[in-house]
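Dear colleague,

I am passing on the structure we spoke about, together with some notes on what turned up in it.

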Amino acid sequence: MYTEFFGLNEKPFAITPDPRYLYMSARHADALAHLIYGISESGGFIQLTGEVGTGKTTLIRSLLEQLPAKAEIALILNPQLSTLEFLQVICQELRIAPPRDDTVRARIDTLNTHLLRAYAEGRRIVLIVDEAQTLGPELLEQIRLLTNLETPKKKLLQIILIGQPELRDLLERSEMRQVAQRITGRYHLEPLSKKDTTVYVRHRMRIAGAQSDVFNEAAIRALYRKSRGIPRLINVVADRALLAAYTQDTRLVDGRLIGRAAAEVFGAPRTASRWWPWVAVAVGLAAFALATTNLWPTREPRAEQSSPLAARTDGAPSTSSSTTQLGGLGRETSLAGAVAPATGSEPAPVAVADPDTAATRPPLTLAALASDPAFAMDRDHAIGELLGRWGARYDPAAGNACDQAARQGLHCLTQDRGSLGELRRLNWPALLTLVDEHGAQHDVVIASLDYQAANVVANGKTFELPLAELTYCWYGDHLLLWRPGFSPAKDLAPGMVDPGVLWLRETLARLGKDDPANRSSPLFDAALESRVREYQRERLLSVDGIVGARTQVALIADLNVPGTPLLAAGQ
């Protein structure tokens with residue numbers, strides 16, 4: 001309803017777990033790194049917990065987009081199942097044919113056979129259980145027994161348990177100690193900080209197409225206070241606030257609108273009893289006290305007499321004191337001596353460290369990079385940097401960079417809806433268009449990417465940019481260079497008869513996706529279309545059966561053609 005009013009492409013605060021909207025705060029980046037490490041290296045269990053709405057499911061979706069090579073995932077979103085049903089779901093997720101005798105023992109044997117085959121082929125099998133706090137003791141014990149499937153050197157199944165904080169309490173029970181002892185990594189996902197909430201809101205608005213800040217500073221402060229930094233609550237309240245702004249014909253959301261939106265979302269507290277009898281009693285007591293005071297004779301205070309507070313002019317501390325916890329962090333401040341002497345001086349304020357601004361030097365930002373003259377370059381020079389990584393030449397005086405690439409057998413592929421997961425799967429350098437807080441665009445070449453930072457190249461120099469900053473400044477616009485597998489390059493569609501279909505059949509056969517006996521047919525038939533769709537589904541591409549530039553790029557990347565530059569070092 002309000003998207004056109006604010007100039008948005010879509011609703012920015014939908015509560016569905018869309019990985020494009022994942023804001024990679026330092027906490028989320030750390031959690032994702034734990035999951036990636038667990039899939040790649042670890043064995044046994046990994047435990048990820050977080051309050052309701054902190055982004056656990058969205059993190060899973062992002063993980064599925066960034067799977068390491070040769071990793072297979074069995075994802076269980078609702079684990080309230082019997083032991084047999086649980087094993088059946090695992091086998092379905094891994095596409096394991098059911099045994100004739102559908103029993104727990106037969107399912108485990110079938111699963112073990114599949115795991116051994118995957119291990120021999122160098123594949124990694126991972127079981128992810130969401131909402132794991134709902135698991136019963138019997139099913140948890142069965143999951144523990146699955147980790148007994150192993151070789152003398154390695155566990156065959158990696159298990160990731162994701163759930164609410166109650167999962168920690170469940171695993172701390174004495175009867176669960178055998179499961180707890182096998183947990184090799186634990187991570188708790190905290191709500192967003194005040195600063196992260198600001199960046200989160202702006203990030204989602206820009207992904208949705210906003211050209212300016214709609215939420216002012218007062219709105220952000222109110223949003224953080226009402227939501228306590230929980231992303232799901234931020235989404236619900238912010239969405240309602242945008243709707244309220246639309247109905248009031250204002251393009252700025254302020255703290256007042258956030259307050260009203262939060263009252264609608266959370267509901268206003270109600271009082272069951274009537275208020276007026278209590279007010280009447282209070283007024284009556286006050287009148288009685290006033291009358292009594294006026295009738296009772298008063299005495300002038302003696303000159304030497306003073307109040308207990310004024311009597312303590314030596315500044316000696318009180319003999320009684322108390323302590324208070326600050327922000328639940330376990331830091332204590334004494335309230336002894338906090339009462340001011342009767343000289344009219346103000347009590348000294350107690351200094352409390354803000355955990356969001358503590359200690360470490362701030363991470364590098366795009367704004368800081370943009371201030372470096374060595375960082376700035378136009379788009380053609382950025383494509384020139386990318387050409388160099390492909391071993392091609394770029395001459396600033398020879399015209400358009402993509403035209404120069406075409407003359408050297410390379411094609412430019414421009415896309416506006418990319419993701420870091422897509423770049424990781426492709427594993428090629430790419431030109432990314434970053435947008436700073438002032439709306440200025442900066443074209444950079446991403447040369448390497450890990451789960452904490454990315455190395456970007458500009459004018460031959462390498463700069464490290466934290467992943468959280470990269471995800472905030474990048475909205476998916478990127479450019480790839482690729483070398484077609486056949487000439488002339490074109491889209492291949494079902495029903496076509498073309499020499500390019502021979503290349504497609506040959507490539508799918510090399511990747512194990514097509515029957516080698518069919519390599520000689522130039523017809524794009526229904527069977528080939530089915531295999532193409534299967535491949536697109538596995539690679540998280542648009543499943544349309546058409547082998548366009550993006551599908552061809554994925555196929556070529558999977559072939560690991562010698563001489564192709566790689567994004568991740570050492571691969």
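At a relative accessibility of 23%, Asp254 counts as partly exposed, and its side chain meets that of Arg256 in a salt bridge with an N to O distance of 4.0 Å. Arg256, for its part, has a relative accessibility of 40% and is likewise classed as partly exposed. Please bear in mind throughout that this is a predicted model.

One that links distant parts of the chain joins Asp239, which lies in helix H10 (residues 231–247), to Lys11, which lies in the segment before helix H1 (26–40), the two being 228 residues apart. Their side chains meet at 3.6 Å, N to O. Asp239 counts as buried because its relative accessibility of 17% falls under the 20% cut-off, whereas Lys11, at 43%, counts as partly exposed.

Elsewhere, Glu72, Glu121 and Arg123 are linked in a network of salt bridges.

Turning to the strands, you will find an open sheet of six, with antiparallel pairing, in the order S8-S13-S9-S10-S11-S12. Strand S8 (411–415) and strand S12 (461–466) stand at its edges, and each has a single partner strand, so one side of each is left without a neighbour in the sheet. On average, and with direction ignored, neighbouring strands of this sheet are turned by 35° against each other.

Within the sheet, strand S9 (residues 430–435) and strand S13 (residues 474–482) pair in the antiparallel sense over three bridges, and Leu431 stands opposite Leu479 in S13. Helix H15 (residues 379–389) packs on the sheet, where it touches S8, S9, S13, strand S10 (441–449) and strand S11 (453–458). The direction of H15 makes about 15° with that of S10.

Note on methods:
Residues numbered from 1 in each chain as written. Predicted model: local features only at pLDDT ≥ 70, side-chain atom pairs only at ≥ 80, totals over all residues. Heavy atoms only, no water. Pairing = 2+ DSSP bridges. Helix = DSSP H or I, 4+ residues; strand = E, 2+ residues; numbered from the N terminus. Axes fitted to C-alpha atoms, helices over the stretch in contact; angles between N-to-C directions. Contact = heavy atoms within 4.5 Å. Buried < 20%, exposed > 50% of the residue type's maximum accessible area, 1.4 Å probe, protein only.
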